[in-house]
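Okay, thanks for coming, everyone.

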Amino acid sequence: MVEELAQADDVVAACVDAAAWALSEQDLIAALDAAHRLEQRLAAVKLALVREVDGRGIARAQGACSIAVWLRERLRLTVPAARRLVDLAAALDTGNPGIRQALADGVITLDQARVVADTVITVQETAGAEAADKAVGVLVEWAGQFDPTLLRKLGTRILDHVAPDLADAATRAALEAEARRATRDRHLTLSEQTDGRLRLTGTLDAETAGLLRAAIDPLTAPSGPDDSRSPGQRRHDALAEVCRLTLRAGELPDSGGDPAQIIVTTNYDGLTRQLFTGTLDIGLQLTPDTVRRLACDATILPAVLGSTGQILDVGRQRRLITGPLRRALVLRDRGCAFPGCDRPPRWCDAHHIRHWADGGTTNLTNAVLLCGHHHRHLHHSDWSVQLGDDGHPEFTPPAWLDPEQIPRRNHYHRRT
């Protein structure tokens, strides 16, 4: 097998450098179909090899605590992905051989094979081996038409086709099995990227998915006619808003004896000159603009450092926006003050119109409530804010948006 795989590797390597642009439309589509079919056949070979490695106990013999951890190191997979690979390899080895054959023939994809295997296990437990054999044939046929998500939904009613007399009872069993799989497969992975960002991946069970959607959906609508964020960017910002609200509520467990919070370390002189970056307590770097935005409404803990960074003295915490001042802001602005925004006060930060690091005072005449999105927008755009003659905030748009730059106000919170 090693020799055959080496030959296949050489053939595929030759295809990598082939000129796809020279293919006709028909040949291009045919090549794509062939590459996809080959990918599934190789997946079948890979699963058989994983099953054999697992069966021989090679992972533990080489010092790994589990086959999943061994695969992570060997193939550079995440542990959840490795576990799914091991589970599917076991299911295809001990389950209905028709699934493995369909994958080897390139008729179904790896994700479809996982769906078929899960469904057939439930059918066999409920209706026996004969019904399971029929289910494989039906599901493989459906796999030629439907993606894994729809195939799994259709699979919950498979007994209507292979064992109608058991369908109702089996449907409940199938849903319960699906719930067990969701509980088993649930995970959340936070991966730090080389550029300082964090990649969020995972699989949520049904209840958690409902909680997440209930929390972020109300915050994913465009905040106004000038909101150019993509749906994905709005979901990202909505998740950030939910996290801010949770931290602001103060109901999370303490972290190391302190309230749950984000901690930014920066240089005061650099902050005032808008030149110095900041460092989060988790090691990620923040731009000077981001540091200044977070410093608008923060708890300040002054510290004196020596030339090599050792702490010489630590002062007392000082909250910039005090309770009475924030209450006054809420009474005046009633929510995010940016034109057209409907975010309520609990979603808002207090923004210094003139930053305190530039000598701005911390009082009602130099503060305005802004939601997270518009706080970022104001710091990174040509909009400006000031108080009108009546003491309420008004925003001047950039010239490219309004050549006359007529100040705008948020009337949403004052409709009544």
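Let's start with Arg72, which counts as partly exposed because its relative accessibility is 33%. Keep in mind as we go that this is a predicted model. Arg72 has a partner: its side chain meets that of Glu73 in a salt bridge, 3.0 Å from N to O. And Glu73? At 53% relative accessibility, Glu73 counts as exposed, since the cut-off for that is over 50%.

How many salt bridges does the structure hold? There are 14. Here's one to look at: Arg51 pairs with Asp93, and their closest N and O atoms are 3.1 Å apart. That pair links distant parts of the chain, with Arg51 in helix α2 and Asp93 in helix α5, 42 residues apart. Arg51 is partly exposed at 26% relative accessible area, and Asp93 is partly exposed too, at 45%.

Another salt bridge joins the side chains of Asp217 and Arg213, at 3.1 Å from N to O. Asp217 is partly exposed, with 34% relative accessibility, while Arg213 is exposed at 51%. Going back to Arg51 for a second, salt bridges that share partners tie Arg51, Asp54 and Asp93 into one network.

Now, a charged residue without such a bridge. Asp402 sits in the segment after β13. Asp402 is buried, yet has no salt bridge. Leaving out residues up to four places away in sequence, Asp402 touches Pro397 and Arg408.

While we're in that region, have a look at β13 itself. It runs antiparallel to β12, and 4 bridges join the two strands. Gln386 stands opposite Glu394 in β13. The hairpin has 5 residues between the strands, and Gly391 in it takes a positive phi near 85°.

Okay, on to the inside. In soluble globular proteins, nonpolar side chains tend to be buried together. What do we find here? The largest nonpolar core has 41 residues, and Leu71, Ile99, Ile108, Val120 and Ile158 have the most contacts inside it. Several helices give two or more residues to this core, including α2, α4, α5 and α7. The largest share, 9 residues, comes from α8. To see how the packing works around one residue, pick Ile99: among the residues it touches are Leu92, Ile108, Val120 and Val136. Apart from this core lies another, of 16 residues, with Phe338 and Cys371 among them.

Let's zoom in on α5. Its 16 residues should span 22 Å at 1.5 Å a residue, and its end C-alpha atoms are 22 Å apart, so the two agree. Which residues of α5 are buried? They include Val79, Leu85, Leu88 and Leu92. What covers the buried residues of α5 includes α2, α4, α6, α7 and β1.

Last, the big picture. The chain has 17 helices and 13 strands, and buried residues make up 33% of its 416 residues. Of the contacts with a separation of 6 or more, 49% are between residues 24 or more positions apart. Okay, that's my tour, so over to you for questions.

Note on methods:
Residues numbered from 1 in each chain as written. Predicted model: local features only at pLDDT ≥ 70, side-chain atom pairs only at ≥ 80, totals over all residues. Heavy atoms only, no water. Buried < 20%, exposed > 50% of the residue type's maximum accessible area, 1.4 Å probe, protein only. Lys, Arg positive; Asp, Glu negative; His and termini not counted. Salt bridge = Lys/Arg side-chain N within 4 Å of Asp/Glu carboxyl O. Contact = heavy atoms within 4.5 Å. Pairing = 2+ DSSP bridges. Core = buried A, V, L, I, M, F, W, Y, C linked by side-chain atoms within 4.5 Å. Expected span 1.5 Å × (residues − 1).
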